[in-house]
Amino acid sequence: MSKKDYTDYDYLDVEVIKEACKGKENALEKVIFRYENYAKTCLRQIARSEFGLDERFIPFDDLLQTMWMELIKVIVTKFKIAD
């Protein structure tokens, strides 16, 4: 799939998004699972380009977990979706 071909893109169900915004653990897990590869790619790029870090020499999994924890805080506190 090319970057511009979204015909086969799997979107998360709107109910999952609503539940994630409410902080529901099951829904947050689905969001994390759906975007895990994208998050890893972004984190690697940021580590290299912004900070000059080599992921082989940093606790990458710990950084990724910390990033998700901070992102969850943002999702739950900043995004309010009416039912």
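Guide: Helices (H or I, at least four residues) and strands (E, at least two) are DSSP runs, numbered from the N terminus, and the expected span of a helix is 1.5 Å times one less than its number of residues. This is a predicted model, in which local features need pLDDT of at least 70, side-chain atom pairs count only at pLDDT 80 or more, and totals for chains, interfaces and linings use all residues. Residues are numbered from 1 along each chain as its sequence is written, and side-chain values use heavy atoms, with hydrogens and water left out.

The protein chain has three helices and zero strands, and its elements run α-α-α from the N terminus on. The part to look at is helix H3, residues 60–78, whose 19 residues reach 26 Å from the first C-alpha to the last, close to the 27 Å expected at 1.5 Å a residue. The buried residues of H3 (buried means under 20% relative accessible area, with a 1.4 Å probe and protein chains only) are Phe-60, Leu-64, Trp-68 and Ile-75. These four lie on the same side of H3, because they cover an arc of only 75° around the axis, where the arc is that of the directions from the helix axis to the C-beta atoms. Helix H1 (14–21) and H2 are included in what covers the buried residues of H3, and H2 itself spans residues 25–49. In the whole protein chain, buried residues make up 18% of the 83 residues.

Conventions:
Buried means under 20% relative accessible area, exposed over 50%, partly exposed in between (1.4 Å probe, protein chains only). Contact means heavy atoms within 4.5 Å.
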